[in-house]
Amino acid sequence: MKDIITESKLNNIVKLYMDATYGDVEMNIDKDDDGYIHFFSRKDIDSDGYPVRIAHRNKSGTLWIDYSFFEKMRGLFGNSVGEGIEK
């Protein structure tokens, strides 16, 4: 018997995984002219006791993703970089 996973069910699984791994994601916006937006994990804490930044974005919309976060997503969604980014 095959189980069919709909896109909405897959999205629910991803949300559960993200919540279990990273908790609420906190967004901070720099007040300087660069206006970077930073996304921090509330569950993933570094060795100095600070939340880990999982991504940041500049005013022009370019998004930088932390490599360890990306590796986890790539492992979850597929083996290629394209598949990991696309999901």
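Biologist: What share of the chain's contacts with a separation of 6 or more comes from residues 24 or more positions apart?
Modeller: They account for 19% of those contacts. The model is a predicted one.

Biologist: Which elements does the chain have, and how do they run from the N terminus on?
Modeller: There are three helices and four strands. Their order is α-β-β-β-β-α-α.

Biologist: What makes the span of helix α1 close to the expected one?
Modeller: Helix α1 covers residues 7-22, which is 16 residues. The expected span is 1.5 Å times one less than the number of residues. That gives 22 Å for α1, and its first and last C-alpha atoms are 22 Å apart.

Biologist: How do you know that the buried residues of α1 line one face of the helix?
Modeller: The buried residues are Val14, Met18 and Tyr22. Seen down the axis of α1, they fall within an arc of 35°, so they line one face. In general, an α-helix has 3.6 residues a turn, so residues three or four places apart point the same way.

Biologist: Which exposed residues does the face of α1 turned away from its buried side carry?
Modeller: That face carries Lys9, Leu16 and Ala20. Exposed means over 50% relative accessible area.

Biologist: What follows α1?
Modeller: Glycine 23 does, with a positive phi near 65°.

Biologist: Why is serine 41 called buried?
Modeller: Buried means under 20% relative accessible area. Serine 41 has 0% relative accessibility, so it counts as buried. This serine is in strand β2, residues 37-45. Beyond residues up to four places away in sequence, serine 41 touches Tyr22, Asp24, Pro51, Val52 and Ile54. One of these, Tyr22, is also among the buried residues of α1.

Biologist: What makes the approach of the serine 41 side chain to the backbone nitrogen of lysine 43 a polar contact?
Modeller: The distance limit for N or O atoms is 3.5 Å. A polar atom of the serine 41 side chain lies 3.2 Å from the backbone nitrogen of lysine 43, within that limit.

Biologist: Is phenylalanine 70 buried or exposed, and why?
Modeller: Phenylalanine 70 has 12% relative accessibility, so it counts as buried. The cut-off is under 20%. This residue lies in helix α2, residues 67-77. Its C-alpha is 9.5 Å from that of alanine 55, which is 15 residues apart from it in sequence.

Key:
Residues numbered from 1 in each chain as written. Predicted model: local features only at pLDDT ≥ 70, side-chain atom pairs only at ≥ 80, totals over all residues. Heavy atoms only, no water. Helix = DSSP H or I, 4+ residues; strand = E, 2+ residues; numbered from the N terminus. Buried < 20%, exposed > 50% of the residue type's maximum accessible area, 1.4 Å probe, protein only. Arc of directions from axis to C-beta. Polar contact = N/O pair within 3.5 Å; in protein donor to acceptor, adjacent residues only side chain to side chain. Contact = heavy atoms within 4.5 Å.
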